[in-house]
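Subject: Structure handover

Hello,

Here is the structure I said I would pass on. My notes on it follow below.

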Amino acid sequence: MLIDRPDFVQALDANHAWRLMNTGATVIVSAVHAGQRNAMAAAWNMALDYAPGAAKCAVVIDKQCFTRGLIEKSNRFAIGVCVREGAAACMALGSTSANNSPGRDKLIPLGIDYFDGEPHADGALPLTLGCAGWLECERYPEPHIEQTYDLFIGRIIRAWADARCVANGKFLPLDQIPPELRTIHHLGAGNFVVPGEQFSP
Ligand SMILES: Cc1cc2nc3c(=O)[nH]c(=O)nc-3n(C[C@H](O)[C@H](O)[C@H](O)COP(=O)(O)O)c2cc1C
């Protein structure tokens with residue numbers, strides 16, 4: 001269901017967005033094209049560049065994913081860095097394909113809450129709840145690696161963060177982040193871990 005952007009969602013300098021990807025958390029990849037919105041889970045993702053104005057991230061998106069078609073048509077996608085309270089949504093989005101949903105809509109049937117990213121002629125990217133932050137990306141075309149490795153690169157053009165997890169472009173100390181807002185990390189077969197200790201060697 002489309003909701004208003006919650007107050008705890010605050011703009012994040014895109015040049016700090018790599019910190020969200022540094023966690024290695026499972027992410028939600030979302031896209032929109034011609035009024036069609038969709039989202040999927042993706043555990044295979046990483047930060048790629050943090051140069052000012054050139055921050056990038058990368059994510060593997062299989063050819064069978066309906067979301068991939070939306071990205072190929074719109075040249076945009078969003079990444080949401082999942083936290084524990086979004087784990088059920090993450091599993092639902094990662095276990096159900098819009099290819100098999102009536103009208104190619106799975107967000108409504110799955111009861112996924114999302115808010116709009118920045119307005120855009122092709123539609124605002126759907127940013128799903130249950131994430132520590134969200135990166136709005138322009139597809140950075142690399143046809144060879146997209147076809148060969150299913151790897152998509154995004155140039156981060158805008159970012160948002162949950163102020164209960166992130167302040168001044170940095171994650172709060174782990175013991176200040178409530179358990180339900182800690183990032184989730186997929187081990188496989190629907191098993192996840194959350195960070196349990198922060199330390200500085
Ligand atoms: C925890 C989890 C992690 C996943 N990671 C990836 C991934 O990194 N890349 C990928 O292509 N699919 C991944 N998937 C599978 C897709 O999310 C799944 O195929 C999804 O149904 C695609 O949805 P769509 O066809 O509606 O786009 C993952 C699924 C789960 C549950």
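The model is a predicted one. The protein chain has 201 residues, for which a compact globule would have a radius of gyration near 17 Å; the value for this chain is 16 Å, which agrees. Its C-alpha trace spans about 45 × 35 × 35 Å along the principal axes. The secondary structure comes to four helices and 14 strands. Of the 201 residues, 40% count as buried. Among contacts with a separation of 6 or more, 70% are between residues 24 or more positions apart.

The core

The largest nonpolar core holds 54 residues, and Val29, Ile79 and Leu135 touch the most other members. Leaving out residues up to four places away in sequence, Val29 touches Ala39, Met40, Ala42, Val59, Ile61, Thr67, Phe77 and Ile79.

Helix α2

One of the residues that Val29 touches, Thr67, belongs to helix α2, which covers residues 66–74. Thr67, Arg68, Leu70, Ile71 and Ser74 are buried in this helix. They are on the same side of α2, because they cover an arc of only 160 degrees around the axis. As a general point, an α-helix has 3.6 residues a turn, so residues three or four places apart point the same way. After α2 comes Asn75, with a positive phi near 60 degrees.

Helix α3

Which residues of α3 are buried? They are Ala89, Cys90, Leu93 and Gly94. Seen down the helix axis, the buried residues of α3 fall within an arc of 125 degrees, so they line one face. Ala88 and Ser95, on the other side of α3, are exposed. The cover over the buried residues of α3 includes β2, β3, β6 and β8 (126–128).

Ala89 is a residue to look at in this helix. Ala89 counts as buried because it has 24 C-beta neighbours inside 10 Å, where 20 or more are required. Apart from neighbours within four places in sequence, Ala89 is in contact with Ile112, Thr128 and Gly130. Ala89 and Ile112 are 23 residues apart along the chain, and their C-alpha atoms are separated by 6.6 Å.

The ligand

There are 22 residues around the ligand, of which Trp44, Asp62, Thr67, Gly94 and Ser97 come nearest. The elements that give two or more residues to this shell are β3, α2 and α3 (87–95). The largest share, four residues, comes from β3. By type, the shell divides into 11 nonpolar, nine polar and two charged residues.

Positive phi in two loops

Most residues other than glycine have a negative phi. Asp150, in the loop between α4 (143–149) and β10, has a positive phi near 60 degrees. Ala189, in the loop between β13 (185–188) and β14 (191–193), also has a positive phi, near 55 degrees. Are these residues buried or exposed? Asp150 is partly exposed, with 16 other C-beta atoms within 10 Å. Ala189 has 5 C-beta neighbours inside 10 Å and so counts as exposed.

Regards

Definitions and conventions
Residues are numbered from 1 along each chain as its sequence is written. This is a predicted model: local features need pLDDT of at least 70, side-chain atom pairs count only at pLDDT 80 or more; totals for chains, interfaces and linings use all residues. A residue is buried if 20 or more other C-beta atoms lie within 10 Å of its own, exposed if 12 or fewer, and partly exposed in between; C-beta atoms are placed from the backbone. The arc is that of the directions from the helix axis to the C-beta atoms. A residue is near a molecule or strand if its C-beta atom, placed from the backbone, lies within 6 Å of it. Ala, Val, Leu, Ile, Met, Phe, Trp, Tyr, Cys and Pro count as nonpolar, Asp, Glu, Lys and Arg as charged, and the others, Gly among them, as polar. The radius of gyration is taken over C-alpha atoms; the globule rule is 2.2 Å times the number of residues to the power 0.38. Two residues are in contact if their C-beta atoms, placed from the backbone, lie within 7 Å. A nonpolar core is a set of buried Ala, Val, Leu, Ile, Met, Phe, Trp, Tyr and Cys residues joined through C-beta atoms within 7 Å.
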